[in-house]
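This briefing looks at one protein chain. Please view the sequence and the structure before reading on.

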Amino acid sequence: VNNFKSSKIKSEDILIRSAASNLRVIEAYDGDLTTGEIIYPVKKGVELVPELESDILKIVVKDRYRDLKPATAFIKGFGLKCGAFASSVAHDSHNIICIGTNDDDIVSAINAVVELKGGLSVSKNKKIEILPLPVGGIMSDQTAEKVAEEYEKLSQLVRSLGCTMSAPFMTLSFMALLVIPELKLSDSGLFDVRIFRKTELFLD
């Protein structure tokens, strides 16, 4: 009923050091599956961390079918002020996808999904709330009523962390869908749908 071969990640797996002076950032919009691209100036040669005042958050995709290093990039538009949230519902491949404000919570949220072998999770200061999805990592074996109740509880929790998206998990699930422009994040890196190929995270 499931295919989940991912192991847990560590903070060093999602560390990004700037290779140039400009960073490509995915721009997400509420109620819209398309994304834009922002070129964000950064200092070359330093470790990049989320900048909450500019709403520049870290986004991570972890392949769940092969135990590979996660792909990491940055995204704007979710408005999160603390914590992180993750899901194994991520169209079309349903890898693990996560957005967060700091590496500790991102790692905790992703590892909670790994441990469940599928589900939704929210992490704040390493305190975890989860909704297991044990069937293919995308479905529950519980009643629709119970799942709906837990789903709304988690969505409200994400909104309480500052997220401005009306449907945080639904929007998150499309940030890895590589057929809808402009930028998305695949398990192997940043993908530019306009030219339909992987692209570099940094620009000179």
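Predicted model: local features only at pLDDT ≥ 70, side-chain atom pairs only at ≥ 80, totals over all residues.

Residues are numbered from 1 along each chain as its sequence is written, and side-chain values use heavy atoms, with hydrogens and water left out.

**Overall form**

- The protein chain has 3 helices and 12 strands; helices (H or I, at least four residues) and strands (E, at least two) are DSSP runs, numbered from the N terminus.
- Along the principal axes, the C-alpha atoms of the protein chain fill a box of roughly 50 × 35 × 30 Å.
- Of the contacts between residues at least 6 apart in sequence, 59% join residues at least 24 apart; a contact means heavy atoms within 4.5 Å.

**Surface and charge**

- Buried residues account for 51% of the 204 residues, where buried means under 20% relative accessible area, exposed over 50%, and partly exposed in between (1.4 Å probe, protein chains only).
- The protein chain exposes about 9,200 Å², and carbon and sulfur atoms supply 54% of that area. Accessible areas come from the Shrake-Rupley method with a 1.4 Å probe; for residues, only the protein chains shown count as cover.
- There are 25 positive and 28 negative charges, and their mean positions are 4 Å apart. Lys and Arg count as positive and Asp and Glu as negative, while His and the chain ends are not counted. The place of a charge is taken as NZ of Lys, CZ of Arg, CG of Asp or CD of Glu.

- Most residues other than glycine have a negative phi, and most peptide bonds are trans.
- The bond from His91 to Asp92 is cis, with omega near 0°, and Asp92 lies in the loop between strand S5 (84-87) and strand S6 (96-100).
- His94 is also found in the loop between S5 and S6. His94 is not a glycine, yet its phi is positive, about 60°. His94 counts as buried because its relative accessibility is 14%.
- Pro181 and Glu182 are joined by a cis peptide bond with omega about 0°. Glu182 is in the loop between helix H3 (168-173) and strand S9 (183-186).
- Phe196 has a positive phi near 55° and sits in the loop between strand S10 (189-192) and strand S11 (197-198).
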